[in-house]
Amino acid sequence: MTDHATDAAPRTGAVPQQGSSQQGSRQQGGGSQPVRSAADDRLVIGLLLVSAFVVILNETIMGVALPRLMDDLDISAATGQWLTTGFLLTMAVVIPITGFLLQRFNTRPVFVWAMSLFSAGTLIALLAPGFTMLLVGRVVQASGTAIMMPLLMTTVLTLIEPAHRGRVMGNISIVISVAPAIGPTISGLILNAFSWRWLFGFVLPIAIAALILGMVKVRNVGTPRTAPLDVFSVVLSAFAFGGVVYGLSSIGEIATTGPVVPITALVVGAVALTLFILRQTRLQRSDRALLDLRTFQTKGFTVPIVGMGLSFLVMLGTLILLPIYLERVLGLDVLNVGLLLLPGGLLMGLLSPIVGRIYDRRGPRVLLIPGTIIISLVMWALSTVGTDTSVWFVLGAHVVLSIGLALTFTPLFTAALGGLPPKLYSHGSAVLGTAQQLAGAAGTALFVTLLTIGAATATAGSGADGLAAATASGVKTAFLVGGIISLFGILTAVFVRKPVTPEGAPTPPAAH
């Protein structure tokens with residue numbers, strides 16, 4: 001990123017107000033930057049949305065492909081699972097660093113680096129001769145993915161005035177929630193007709209096109225400032241978030257690997273996280289923190305972050321559990337499982353912009369309270385499934401769950417980030433992304449562990465009920481605990497408020 005000073009105003013450390021008041025006279029390499037219109041802003045956000053959707057889609061696209069990869073590459077399930085675990089680990093390590101990157105560098109070079117990394121990783125994976133290079137490709141992919149979401153969030157906060165943020169955050173909800181939700185569906189459709197390499201072959205041209213278009217069309221937003229990189233914080237961050245995510249991801253394998261690995265990883269992660277927090281608290285006094293934790297001192301930030309974490313935990317836990325139940329208990333094949341989960345994902349995408357508009361007019365609680373209640377009711381309903389449950393019941397439950405999630409994500413994202421002062425936009429986006437990864441890993445680990453324990457208990461107690469009955473019992477146990485967790489989501493929703501516009505936030509332009 002050698003052009004971090006290009007198109008930037010002189011670094012004074014201040015973040016200018018965005019909107020009509022700023023559009024006339026920023027410096028660009030010693031000259032005037034042309035006036036940026038509302039159409040330019042929409043184009044930038046649109047490009048970032050499409051690019052983010054493509055990169056986030058890959059977070060869950062490999063799960064369905066695992067059996068095919070095990071046969072083609074002659075690997076075990078535990079080895080193949082690293083294609084997803086490695087992706088999540090890389091995301092957890094890189095996302096906390098994005099707060100620094102987005103302060104230090106301009107929008108265009110950060111975008112170019114993110115999409116270049118993702119495109120390079122996709123190409124490596126496409127051409128990989130074996131598992132090792134395929135894993136390398138996934139790690140490189142994840143490095144670009146981790147940068148893209150905080151970049152999108154920060155850009156929206158900088159460009160869009162608070163009165164209209166709900167609508168745009170609704171579109172971001174499509175990226176954050178729908179892309180992972182339909183990943184298994186798209187994977188199943190591709191694998192039904194093509195080899196696993198086409199999971200990357202179909203994505204690569206889109207990624208390259210987005211990269212080229214972004215190089216030409218993406219304009220720089222905000223003003224970078226000189227921000228020192230604390231290397232020790234980077235190391236602590238890697239051990240902290242990487243250790244926690246790896247430990248959580250390994251819990252589901254305790255039955256085969258034993259408890260030593262996940263417990264050790266979680267202990268290392270917890271110790272490193274404590275040291276990381278202490279160091280950031282000290283460094284942020286002089287604005288040198290890698291991840292500025294003063295975001296949690298902002299009124300109205302912490303409660304929505306907790307609510308978002310609970311929602312992500314439930315969503316990703318359900319996404320990992322339902323395919324197992326549908327395949328092992330109800331006997332559906334991979335393609336039909338993907339198709340059954342597709343309506344809910346599409347409905348979530350259709351509702352998200354509408355939810356954003358309602359947020360702009362009515363605030364968060366009118367959406368959050370019914371949304372979290374719906375999620376809880378579905379969790380309790382799914383805790384009743386068994387070997388003779390109708391596929392239509394599962395389909396309906398997933399569709400209704402998607403409605404509840406659509407009602408919660410946009411208000412939580414917007415309420416959490418909307419009250420931050422501009423200088424904390426990048427750090428708030430990084431905190432949000434990190435919380436999502438931790439919650440997703442926790443949800444997956446918790447639901448899989450509960451499934452395993454419940455299934456083992458049922459097998460031991462019944463003796464000969466069969467694998468399907470034991471699996472159904474484990475699924476019921478996991479969803480029962482999910483129902484209990486969802487009650488805390490309802491409680492959280494009651495305390496979320498629409499944020500007060502902070503000083504220095506974007507002011508409404510003449511037309512948007």
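How much accessible surface does the protein chain have, and what share of it belongs to carbon and sulfur atoms? The accessible surface comes to about 19700 Å², and 68% of it belongs to carbon and sulfur atoms. Such areas are computed by the Shrake-Rupley method with a 1.4 Å probe, and for residues only the protein chains shown count as cover.

Before we go further, note that this is a predicted model, in which local features need pLDDT of at least 70, side-chain atom pairs count only at pLDDT 80 or more, and totals for chains, interfaces and linings use all residues. Residues are numbered from 1 along each chain as its sequence is written, and side-chain values use heavy atoms, with hydrogens and water left out.

Let's begin with confidence. The predictor's confidence in each residue is called pLDDT and runs from 0 to 100. The protein chain averages 80, and 86% of the residues score at least 70. Helix α16 (residues 365-382) has the highest confidence, at 94, while strand β1 (residues 27-28) has the lowest, at a mean of 40. Over residues 2-34 the pLDDT stays under 50, and it is also below 50 over residues 508-512. Where pLDDT is low, the predicted coordinates should not be read in detail.

Now for the overall build. The protein chain has 19 helices and two strands; these are DSSP runs numbered from the N terminus, with helices being H or I of at least four residues and strands being E of at least two. Of the 512 residues, 57% are buried. Buried means under 20% relative accessible area, exposed means over 50%, and partly exposed lies in between (1.4 Å probe, protein chains only).

Next, look inside. A nonpolar core is a set of buried Ala, Val, Leu, Ile, Met, Phe, Trp, Tyr and Cys residues joined through side-chain atoms within 4.5 Å. The largest one has 127 residues, and Met-115 and Met-148 are among those with the most contacts inside it. Apart from it lies another core of 16 residues, including Ile-61 and Leu-191. In soluble globular proteins, nonpolar side chains tend to be buried together.

Which residues does Ser-51 touch, not counting residues up to four places away in sequence? They are Phe-111, Met-115, Met-148 and Ala-210, where contact means heavy atoms within 4.5 Å. Ser-51 sits in helix α1 (residues 38-57) and is buried, with a relative accessible area of 1%. A polar atom of its side chain lies 2.8 Å from the backbone oxygen of Leu-47.

Thr-107 belongs to helix α6 (residues 107-127), and its contacts beyond four places in sequence include Leu-151, Val-218 and Asn-220.

Finally, turn to charge. Side chains of opposite charge can pair when their charged atoms come close. A salt bridge is a side-chain nitrogen of Lys or Arg within 4 Å of a carboxyl oxygen of Asp or Glu, and by this rule there are two. One joins the side chains of Arg-279 and Asp-230 (2.6 Å, N to O). This pair links distant parts of the chain, 49 residues apart: Arg-279 is in helix α13 (residues 260-283), and Asp-230 is in the loop between α10 (203-217) and α11 (231-251). Asp-230 counts as buried, at 13% relative accessibility.

Arg-294 also forms a salt bridge, with Asp-292, and the closest N and O atoms are 2.6 Å apart. Here Arg-294 is partly exposed at 21% relative accessibility, whereas Asp-292 is buried at 4%.

How values were computed: Polar contact = N/O pair within 3.5 Å; in protein donor to acceptor, adjacent residues only side chain to side chain.
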